[in-house]
Number of protein chains: 2
Amino acid sequence: MIVTVTLNPALDLTYTVDALVPHGTHRVSAVAERPGGKGLNVAAVLAQLGEPVVATGLLGGSTGARISDLLAGHGIAAAFVPIAGETRRTVAVADGDDATGFWEPGPLVSSHEWTAFLERFRALVGSGDVVALSGSLPPGVPADGYATLIGLAAVAGARTVLDTSGEALRHGLAAGPDLAKPNAAELAELFPTADASTAAGASAAAVLAFGARAVVVSRGPLGLVASDADGVWEAAPPERLAGNPTGAGDACVAALARGLRDRTPWPELLADAVALSAAAVAAPVAGSVDLDTYHRLLRALPPRT
Amino acid sequence: MIVTVTLNPALDLTYTVDALVPHGTHRVSAVAERPGGKGLNVAAVLAQLGEPVVATGLLGGSTGARISDLLAGHGIAAAFVPIAGETRRTVAVADGDDATGFWEPGPLVSSHEWTAFLERFRALVGSGDVVALSGSLPPGVPADGYATLIGLAAVAGARTVLDTSGEALRHGLAAGPDLAKPNAAELAELFPTADASTAAGASAAAVLAFGARAVVVSRGPLGLVASDADGVWEAAPPERLAGNPTGAGDACVAALARGLRDRTPWPELLADAVALSAAAVAAPVAGSVDLDTYHRLLRALPPRT
């Protein structure tokens with residue numbers, strides 16, 4: 001079983017307008033609502049691939065209830081812990097050219113709610129599971145929150161994939177996740193002296209992230225670099241895809257979590273993760289992949305040893 | 001009892017940002033949520049004044065549930081009919097200078113839901129009540145929806161105040177409401193030949209609105225002009241107030257509904273309505289009034305006969 005953790009989910013709203021006029025009033029012609037937050041994107045991609053997955057995390061208020069409804073509608077199993085605060089929204093206003101984003105702050109999580117989540121997590125995660133920990137921590141969750149979860153997962157015999165940034169990443173790495181997936185910018189923020197723009201640099205920087213057993217650095221169209229105690233592996237998409245890069249990193253985490261579960265060797269796993277990331281770029285919204293693109297790229301990407 | 005009808009309510013969100021950057025991503029520093037829609041503003045002002053009021057209308061989905069929670073928190077009695085669609089949101093993005101608005105379309109109301117509302121309305125409204133009918137009609141509600149409600153109220157022995165625009169106003173007037181409160185622009189839209197910018201013109205245009213027993217035309221800082229079979233009355237604020245004019249018309253309707261209930265003579269009623277409208281301008285958000293301003297202006301506004 002793969003368990004995705006989303007501590008700071010969001011209801012993602014996309015408003016379609018003719019043109020954005022600052023200080024004007026806009027009649028929104030179309031409203032799209034979807035469950036957002038990186039961990040929910042990972043869960044949605046795994047569900048689309050037919051992989052067993054349970055989404056957990058924190059949800060509150062009427063926005064949280066709406067996300068629960070949407071997850072049920074998408075057939076995604078959910079085991080969220082209720083909180084008193086209102087889960088945040090994000091609003092993306094799409095005009096003909098581009099989108100303008102508005103991100104609400106996350107709700108304040110009480111120490112009692114965080115303790116309740118730790119109990120739920122302990123009950124949910126068992127031996128052989130893979131846990132994907134994705135995204136930011138909401139206010140009130142300790143900076144070492146992911147470190148605590150990584151420790152609990154290890155005690156339960158489960159393995160972990162960590163995809164976050166900043167202090168949450170720094171603290172999480174110290175707890176020794178089985179796999180960390182920073183992107184080049186997140187790695188450079190943590191280890192400013194390393195040049196993560198090259199494969200060698202990404203590998204060197206990843207070595208600095210000594211807490212994790214393995215590190216996969218995502219570098220957008222340049223592809224992925226994996227490093228562990230045994231060596232360095234690399235894979236890149238065979239073509240440049242136009243589309244929406246939001247959610248590509250989450251599709252990558254979905255592939256990595258599945259590969260960790262199946263103990264897939266690196267060359268095969270990286271090819272799969274590159275193809276699934278590119279298939280997310282080809283899909284119109286985050287949390288979904290274009291399956292035709294996925295299968296086409298898998299055929300074009302022979303695993304490199 | 002005063003009953004307010006809000007067929008197309010909204011959850012009004014105000015996002016505070018440093019500056020609006022088109023095609024940028026904004027971290028929202030503060031989120032304010034309030035029940036919106038003109039009828040809910042009327043109910044909120046009456047509740048603030050301590051007047052018995054019940055808010056009815058149509059609410060659906062998690063956004064509707066959130067509005068119910070907020071109304072309960074404000075101590076406003078509510079008797080809404082549930083609908084399957086999601087109640088709309090409005091988002092106002094406030095930067096240092098001004099606000100940029102995004103209005104979602106209203107949910108589609110089924111004929112079954114509309115029939116259920118008519119039954120609830122019939123059960124709710126009794127002899128001696130005053131019904132305030134405010135705002136736009138959502139998709140699916142017939143254009144003569146207010147006309148139907150005005151007819152049902154009359155049969156029950158209740159009186160009606162109509163505050164809407166366009167086709168909903170045109171159809172509603174034909175049903176003979178006890179009072180219509182268009183603003184000058186709404187009246188001019190319906191009767192383009194009348195010049196509603198002057199008191200005489202507003203009165204003449206109001207006479208054209210022959211369906212209503214009385215018409216009060218609101219003209220912003222120029223004040224109010226009332227016309228009925230017996231004559232024309234006028235009142236204007238004694239000073240120009242800076243502030244937020246959104247909701248001033250709804251505060252005016254709150255005063256008019258109370259005056260209709262108490263059969264207050266025109267000179268006294270118009271003075272009260274002008275003072276309460278101005279007190280809404282002085283309050284930071286729609287649906288509330290600044291009570292100090294209200295009482296100060298009431299003293300400065302001797303009823304004119």
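Start with what covers helix H10 in chain A. Select helix H8 (248–262) and helix H9 (266–281) of chain A: both are among the elements over the buried residues of H10(A). Helices here are DSSP runs of H or I with at least four residues, and strands are E runs of at least two, numbered from the N terminus. This is a predicted model: local features need pLDDT of at least 70, side-chain atom pairs count only at pLDDT 80 or more, and totals for chains, interfaces and linings use all residues. Residues are numbered from 1 along each chain as its sequence is written, and side-chain values use heavy atoms, without hydrogens and water.

Next, select H10(A), residues 291–300. Its buried residues are Thr293(A), Tyr294(A) and Leu297(A). They sit on the same side of H10(A) because they cover an arc of only 100° around the axis, taken from the directions from the helix axis to the C-beta atoms. Turn to the other side: Asp292(A) and Arg299(A) are exposed. Buried means under 20% relative accessible area, exposed over 50%, partly exposed in between (1.4 Å probe, protein chains only).

Now show both chains. In chain B, 31 residues are in contact with 31 residues of chain A (heavy atoms within 4.5 Å). Select His23(B), Phe102(B) and Trp103(B): in chain B they lose the most area to chain A, together 25% of what that side buries.

Last, pick Glu86(B) and Arg66(A). Their side chains meet in a salt bridge, at 3.5 Å from N to O.

Key
Chains are lettered from A and ligands numbered from 1 in the order in which they are written. Buried area is the accessible area (1.4 Å probe) that two parts lose on being put together, summed over both. A salt bridge is a side-chain nitrogen of Lys or Arg within 4 Å of a carboxyl oxygen of Asp or Glu.
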